[in-house]
Amino acid sequence: MQQRALIVGVSGVTGSALAERLLAEGWQVNGLSRGRTPVIGGVTSLTADLTDADSVQAALKDVVVDKVFFSAWARQENEKENIRVNGAMVRNVLDALGDSLKGGHVALITGLKHYLGPFDAYGKGSVPVTPFREEQGRQPVENFYYAQEDEIFAAAEKYGCTWSVHRPHTVIGFAVGNAMNMGQTLAVYATLCKASGQPFVFPGSQAQWQGVSDMTDARLLADQLIWAATTPSAQNQDYNVVNGDVFRWQWMWGEIAGYFGLEAAPFNGEQPLEGRMNDAAQQWQEIAQQHNLKESDVTKLASWWHTDADLGRPMEVFTDVSKSRKAGFNGYQPTREAFFELFDRLKAEQLIPR
């Protein structure tokens, strides 16, 4: 029997990778989004304002699915508003599906801010010792991830479905128009450096440059989502999910530089991208015209602020994935190859120069 999925946030990095995986496995895939970005072929596209219960109800009134994958959030001015808005988004979708969820599964994607705290209190207070482990639980700060989780738990009890929560580190994947995309941001940054002759400077902190880190390929995250949704013994659990290798940015930076034919500049203190990319929009338009690229708006490919936030962390950040391995998920993806495969795809899609 064909399985039926709803991906909330289908046009994002994770949503796109998940849709590709599910379609390849023969699933029927519905994608719910704001409709601002095209979805991949084969997905039934549904449009709604997730913050509006009536809008969501109208979009989902004829939809019947077995599995729901929630990969969407809306950034607000502060964490109190993040909690109100993002908790309501989850609740609106699950209430619209209602009793049809019985016997189904709901998966929620959050991230390592579960352990680090939200942007309002990022890395402050009592941050758990690395590597982060699921048993460390919630931190004593307000966090919209916790509000989203609580909505999932309440729906599972109310409607009789199972759940899973997935916590990736920074995600590497392909998506145009996404606000949180380090891989594409670094590809654009390297391309700008090569075109202008400016040094390829690591923008982040000394702690990130020297410390151990890890990342999550969107394709591997998709695999874990499908595994948890279809494996009864894996359900009603929270899982960290990363590629399975660890690295230090002082090594990885040289690898990325080499891919683009650049030399990695020596570390010389934190130099955030957002303050140095004031001329990027005009420069990218010129590069796009010269190389006949499909996207001339640099903001559709790069997210300077988000990459600065990830690489500017003042502490070492990496994750333990023993829980999912012991439960049966053994996915692995070398991070260097994840970057290079993304860069290759960006070239093939004519989004960065060949």
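**Close-up 1. Polar contacts of the asparagine 181 side chain.** A polar atom of this side chain lies 3.4 Å from the backbone oxygen of alanine 175. The backbone nitrogen of glutamine 184 is reached by the side chain of asparagine 181 at 3.3 Å. The model is predicted; local features need pLDDT of at least 70, side-chain atom pairs count only at pLDDT 80 or more, and totals for chains, interfaces and linings use all residues. Residues are numbered from 1 along each chain as its sequence is written, and side-chain values use heavy atoms, with hydrogens and water left out.

Close-up 2. Asparagine 181 sits in the loop between strand S7 (171–172) and H6; helices (H or I, at least four residues) and strands (E, at least two) are DSSP runs, numbered from the N terminus. With a relative accessible area of 0%, asparagine 181 is buried (under 20% relative accessible area, 1.4 Å probe, protein chains only). Leaving aside residues up to four places away in sequence, asparagine 181 touches Val13, Gly173, Ala175, Ser303, His306 and Thr307 (heavy atoms within 4.5 Å).

**Close-up 3. The largest nonpolar core.** Such a core is a set of buried Ala, Val, Leu, Ile, Met, Phe, Trp, Tyr and Cys residues joined through side-chain atoms within 4.5 Å. Among its 43 residues, Tyr189, Phe200, Trp249, Ile256, Trp284, Trp304 and Phe339 touch the most other members. Two or more residues each come from H6 (182–196), H9 (249–259), H10 (280–291), H11 (304–311) and H13 (335–348). H6 gives the most, with eight residues.

**Close-up 4. Contacts of isoleucine 256.** Not counting residues up to four places away in sequence, isoleucine 256 touches Leu186, Phe200, Trp249, Phe339, Phe340 and Phe343.

Methods: Buried means under 20% relative accessible area, exposed over 50%, partly exposed in between (1.4 Å probe, protein chains only). A polar contact is a pair of N or O atoms within 3.5 Å; within protein, one must be able to donate a hydrogen and the other to accept it, and residues adjacent in sequence count only if both atoms are side-chain atoms.
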